[in-house]
Number of protein chains: 2
Amino acid sequence: MPVPDEGTRWLTEREQRTWRSFLTANRLLFDQVERQLQQGAGLPHAYFEILVRLSEAPDRAMRMSELASTSLSSRSRLSHAVARMEETGWVRRRPCESDRRGQIAELTAEGLAQLEAAVPSHVEEVRSLLFDALTETQREALLEISDAIVDHITRGDPPWPVAPDTPGPGPSRRPA
Amino acid sequence: MPVPDEGTRWLTEREQRTWRSFLTANRLLFDQVERQLQQGAGLPHAYFEILVRLSEAPDRAMRMSELASTSLSSRSRLSHAVARMEETGWVRRRPCESDRRGQIAELTAEGLAQLEAAVPSHVEEVRSLLFDALTETQREALLEISDAIVDHITRGDPPWPVAPDTPGPGPSRRPA
DNA sequence: CACAACGACTTGAGGGCTCAACTATTCCCG
DNA sequence: CGGGAATAGTTGAGCCCTCAAGTCGTTGTG
């Protein structure tokens, strides 16, 4: 690969291979999970995760910002997502009484039903794409590795609390 | 595949934890990589990968469909991406002489320069987000795990060749 | 208390991606 | 060879997401 620099800590041959294989595995895995969920349940994986978090909250309701944090969404993304899912009737929004700036998102019965219907085939997909590919030793290693990455990236930082619009994932914008 | 229920092979507690940690690590990692590339170089990671593959090809040129395969893009995605990067002058397209249906994408000098400028900080990002988080043992394990997933998912399938529009990743479409 | 700083969301423009057509070639086979 | 089937690539609509800016409510300080 290109090599102008000098001070850069380049990757070793083996690290390169690891990174590329990791990238490939991820794309293959998540693209398939995404497709399966979209075709089977008609929702993107990010929406699915939001519904899962909501379903696990007391009263199946949560403040928007807390929901954003636990579902690893930016505030903006969550706003758009909840707006959409409100249209389809899976989620309802109501004002927060203790803080009038706030909104509380609540999973509707319909949303819960939708979620429960989507879960089995999703689980099957995850098992067959990921866990079936690994030995028990590798599964354990994967947990440790994942935890290590999470700890490393969130080192010290609000393990989950959220900054301005910060928590949000990635970019956009056109090339030039 | 989908199973009403009962027959579902649920995840164990530990598998659940593994899957969620894996998801979290992936989001944190890729969102950050994406953002860094977008802000630093003004291109999305998918575009970056396309440029990398092109830069490694003989004459820095490749057939569209081959490029789609090696960069894990759907044909459609690649078409859009190349069209955009052609506008910005990083890539050029010319007809393929041996097969008049075909097109050959070629990395321009400008595109190569752009890519080389983007690489160092990208490498640094990958190192600091991923490899710095892991022990040597974990790095080795990650390579094995990734390879295992790739092999499993592509078992038998065209290891890379490409079906209709198939190779493409995921879905879209609205909830209901 | 007034007012600035901050926090919680929302909104809209812009861009990337998928899916589903659609065009143009090339292949294959009777 | 003639024509259907497969292949290469493109295009457009629709959706999700990001960024940046905007609206309100809350807090803290002189």
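Where in chain B is the place of B:Ser73? In this predicted model, in which local features need pLDDT of at least 70, side-chain atom pairs count only at pLDDT 80 or more, and totals for chains, interfaces and linings use all residues, B:Ser73 lies in the loop between α3 (64-70) and α4 (75-87) of chain B. Residues are numbered from 1 along each chain as its sequence is written, chains are lettered from A and ligands numbered from 1 in the order in which they are written, and side-chain values use heavy atoms, with hydrogens and water left out. Helices (H or I, at least four residues) and strands (E, at least two) are DSSP runs numbered from the N terminus. B:Ser73 counts as buried at 1% relative accessibility, where buried means under 20% relative accessible area, exposed over 50% and partly exposed in between (1.4 Å probe, protein chains only). The side chain of B:Ser73 makes a polar contact with that of B:Arg77 at 3.3 Å; such a contact is a pair of N or O atoms within 3.5 Å, of which, within protein, one must be able to donate a hydrogen and the other to accept it, residues adjacent in sequence counting only if both atoms are side-chain atoms.

Chain A has 6 helices and 3 strands, arranged along the sequence in the pattern α-α-β-α-α-β-β-α-α. Of its 176 residues, 54% count as buried. Among contacts (heavy atoms within 4.5 Å) in chain A with a separation of 6 or more, 53% come from residues 24 or more positions apart. A:Met62, in strand β1 (residues 61-63) of chain A, is buried at 9% relative accessibility. Although A:Met62 and A:Ala105 are 43 residues apart in sequence, their C-alpha atoms are 5.5 Å apart in space. With neighbours within four places in sequence left aside, the contacts of A:Met62 include A:Arg53, A:Leu54, A:Gln103, A:Ile104 and A:Ala105.

In chain B, the loop between α2 and β1 (61-63) holds B:Arg60 and also B:Asp59. Neither is a glycine, yet phi is positive in B:Asp59, at about 60°, and in B:Arg60, near 50°. B:Asp59 is exposed, with a relative accessible area of 70%, whereas B:Arg60 is partly exposed, at 29%. B:Arg60 lies 45 residues from B:Ala105 in sequence and 8.4 Å from it in space, C-alpha to C-alpha. Beyond four places in sequence, residues in contact with B:Arg60 include B:Leu54, B:Ser55, B:Ala105, B:Glu106 and B:Leu112.

Helix α2 (residues 45-56) and helix α5 (residues 109-129) of chain B pack at an angle of about 115°, with their axes 10 Å apart; axes are lines fitted to C-alpha atoms, for helices over the stretch in contact, and angles run from 0 to 180 degrees between N-to-C directions. The contact is made by B:His45, B:Phe48, B:Leu51, B:Val52 and B:Ser55 of α2(B) and by B:Leu112, B:Leu115, B:Ala118, B:Val119 and B:His122 of α5(B).

The largest nonpolar core comprises 101 residues, of which A:Trp19, A:Leu130, B:Trp19 and B:Leu130 touch the most other members; a core of this kind is a set of buried Ala, Val, Leu, Ile, Met, Phe, Trp, Tyr and Cys residues joined through side-chain atoms within 4.5 Å. Apart from neighbours within four places in sequence, A:Leu130 is in contact with A:Leu29, A:Glu125 and A:Leu142, and with B:Trp19, B:Phe22 and B:Ile149 of chain B.
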